[in-house]
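Please open the structure in your viewer and keep the selection tool at hand. The stops below follow pairs of charged side chains.

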Amino acid sequence: MSNIVWHQHSIDQAARGAQKGQNPVLLWFTGLSGSGKSTLAGALERALFEHGFHTYLLDGDNVRHGLCKDLGFSLEDRDENLRRVGEVAKLMVDSGLVVLSAFISPTREERDRVRALFSQGQFVEVHVSTPLSVCESRDPKGLYAKARKGEIENFTGISSPYEVPESAELTIDTSKGDLGTQVNGLLAYLKAIEVLNPPRQIAGAGI
Ligand SMILES: Nc1ncnc2c1ncn2[C@@H]1O[C@H](COP(=O)(O)OS(=O)(=O)O)[C@@H](OP(=O)(O)O)[C@H]1O
Ligand SMILES: Nc1ncnc2c1ncn2[C@@H]1O[C@H](COP(=O)(O)OP(=O)(O)O)[C@@H](O)[C@H]1O
């Protein structure tokens with residue numbers, strides 16, 4: 001790497017964000033399988049998109065069909081999965097987007113490694129804290145049942161660890177409240193940290 005020099009181009013992240021009327025950010029949703037990461041991130045992205053913001057949602061299931069199709073669920077493979085996703089998210093934030101990601105991301109070290117790629121305030125960790133018992137009772141893909149029968153190894157929460165975040169910016173338990181209220185709470189947070197610039201107003205969200 002010593003012969004490779006960073007090239008600073010003339011259009012930077014701030015200029016790309018300003019052109020889009022937003023301050024770029026990464027919203028990192030972490031939580032157990034079935035906790036509601038994809039649903040929350042998807043609903044938030046739709047609300048932002050419909051109000052003209054420029055977004056992209058990186059979803060674990062989808063990324064594992066392409067960029068990370070060579071990786072499984074050992075701790076080493078999850079590390080590499082999240083390293084790649086972190087770097088891709090960084091490029092997307094640099095392009096001026098509001099980026100949302102939905103990955104289990106089970107260890108603090110992995111999450112903090114991604115956080116370290118970003119400026120202060122530009123990585124927002126959202127812990128989807130829905131209890132394991134609720135996630136298991138939802139079991140939308142039948143994976144918990146398979147994991148309990150030993151048909152899937154290294155399954156998060158059953159046979160592989162999940163380290164609860166200690167300093168997430170936001171915590172949402174989707175077994176309480178409703179999706180609309182949760183999305184409005186996220187929009188209000190984005191407004192408070194000035195990701196969403198005035199004069200654009202989000203109708204119905206009270207912001
Ligand atoms: N062993 C095991 N453990 C956990 N999850 C498993 C496993 N095998 C397959 N799946 C499915 O893969 C989705 C999680 O992928 P991620 O890329 O988010 O995982 S990780 O962040 O690398 O830990 C996860 O999706 P979500 O349910 O949306 O979280 C599962 O559908
Ligand atoms: N905000 C929510 N409120 C109530 N139920 C939810 C919510 N989000 C998700 N769910 C339920 O949980 C299931 C799993 O959600 P999903 O978003 O696929 O989780 P994850 O991406 O974390 O695996 C959904 O099929 C839905 O039934």
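The tour begins with how to read the model and then moves from pair to pair.

This is a predicted model, in which local features need pLDDT of at least 70 and side-chain atom pairs count only at pLDDT 80 or more, while totals for chains, interfaces and linings use all residues. Residues are numbered from 1 along each chain as its sequence is written, chains are lettered from A and ligands numbered from 1 in the order in which they are written, and side-chain values use heavy atoms, with hydrogens and water left out.

The whole structure holds 13 salt bridges, a salt bridge being a side-chain nitrogen of Lys or Arg within 4 Å of a carboxyl oxygen of Asp or Glu.

Select Glu 166 and Arg 108, whose closest N and O atoms are 3.8 Å apart in a salt bridge. Because Glu 166 sits in the loop between helix H7 (143-148) and strand S5 (170-172) and Arg 108 in helix H5 (residues 108-115), the pair ties together parts that are 58 residues apart in sequence; helices (H or I, at least four residues) and strands (E, at least two) are DSSP runs, numbered from the N terminus. Glu 166 is exposed at 66% relative accessibility, and Arg 108 is partly exposed at 30%, where buried means under 20% relative accessible area, exposed over 50%, and partly exposed in between (1.4 Å probe, protein chains only).

Next, select Arg 115 and Glu 125, which form a salt bridge with the closest N and O atoms 3.0 Å apart. Is Glu 125 buried or exposed? With a relative accessible area of 4%, Glu 125 is buried.
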